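Good morning. I will take a few minutes to go through one structure, starting with the whole chain and then turning to single residues.

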Amino acid sequence: MELLIALTIVTVATLAILQLNNFARKSPFLANELKYIQVQSTYQMLLLGVALLILVTLYFVDEHNLSSLLSLGDISAPAQAVVWLGIAPDESWLGLGSSLSFFITLATATFVYLQFRKTTGALKQLAQFWPWIVGFALCNSFSEEVIFRLGVIVPLLGSVEPSYILIISAAAFGIPHLRGMPNGIVGALMAALLGWLLAKSVLETGGLFWAWWIHFLQDLVIFAALILAALNKSSSSTTEHMAS
């Protein structure tokens, strides 16, 4: 029953998320003259609404697990060793989380750079958009952690083996990234591994801090790249219009 509840929560939320962009593009809400900012502002508000609905649902599913995990947790808790990832038996999440923050962000930045390396000419303009970038990253990382981490872990904790919880969270996070960012097969596999690690952090620290923080850093990189691409596209369109 618990597994069915978790799968239902994540599946319904994922299907809803896949439709949010359509609603966002049709919204009359005007946040900024840049089209991407307008759409993304609406999308993030809708996504936060989905996350809040998930939190309400999880409250009725297992109030104890939710109240326990909806916290920072013990950020220095011992990390369970994983030989194939180089996580030593005596490592703590303070050291591991710091290392993952750096190396995962570096990997994301590299992947994003390869996808957007032809985007040029608007880098200086990006500075004025940092409040939007940070705001989007904060909202997106929190909402997706509620959906893909708490949405899986809260119903299953105490009734399903932790190793299976990690796999379910990884799959739930990876599959939507076939159409997300990073995208494609490689992007989905990267997201699945990230989902596995973030779920591991929640289980072992008893809270969301490392999962949210690491996710937030990735979103900073991704939203910066997407806004840069939008600026470049807008600039190119303006140039073509003037030329014609």
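What follows is a walk through a predicted model.

Let me begin with the overall layout. The protein chain has eight helices and zero strands, and along the sequence the pattern reads α-α-α-α-α-α-α-α. There are 244 residues, and 47% of them count as buried.

Helix α5 covers residues 130-156, which is 27 residues. From the first C-alpha to the last, α5 reaches 38 Å, close to the 39 Å expected at 1.5 Å a residue. Where does α5 bend? The bend is at leucine 150, by about 40 degrees. Is α5 mostly covered or mostly uncovered? Mostly covered: 20 of its 27 residues are buried. After α5 comes glycine 158, with a positive phi near 100 degrees.

Now the aromatic rings. A pair of aromatic rings is described by the distance of the centres and the angle of the planes. How many aromatic pairs does a search of the whole structure find? It finds 11. One of them joins phenylalanine 102 and phenylalanine 103: the centres are 5.0 Å apart and the planes stand at 80 degrees, so this pair is edge-to-face.

Compare the rings of tryptophan 212 and phenylalanine 216. Their centres are 5.5 Å apart and their planes are at 20 degrees, so the pair counts as stacked. Both residues lie in helix α8, residues 209-243, and they are four residues apart, about one turn of the helix. An α-helix has 3.6 residues a turn, so residues three or four places apart point the same way. Tryptophan 212 is partly exposed, because its relative accessible area is 24%, whereas phenylalanine 216 is at 8% and counts as buried. Ring pairs also link Phe209, Trp210, Trp212, Trp213 and Phe216 into a cluster.

A charge sits over a ring as well: arginine 149 lies over the face of phenylalanine 173, at 4.5 Å from the ring centre.

Last, isoleucine 185. It is found in helix α7, residues 184-205. Is isoleucine 185 buried or exposed? Isoleucine 185 is exposed, because its relative accessible area is 59% and the cut-off for exposed is over 50%. The C-alpha atoms of isoleucine 185 and glycine 174 are separated by 9.2 Å, and the two residues are 11 apart along the chain.

Terms used:
Residues numbered from 1 in each chain as written. Predicted model: local features only at pLDDT ≥ 70, side-chain atom pairs only at ≥ 80, totals over all residues. Heavy atoms only, no water. Helix = DSSP H or I, 4+ residues; strand = E, 2+ residues; numbered from the N terminus. Buried < 20%, exposed > 50% of the residue type's maximum accessible area, 1.4 Å probe, protein only. Expected span 1.5 Å × (residues − 1). Bend = angle between axes of the 7 residues up to and from the residue. Phe/Tyr/Trp six-rings, centres within 6.5 Å; stacked < 30°, edge-to-face > 60°. Lys NZ or Arg CZ within 6 Å of the ring centre and 35° of its normal.
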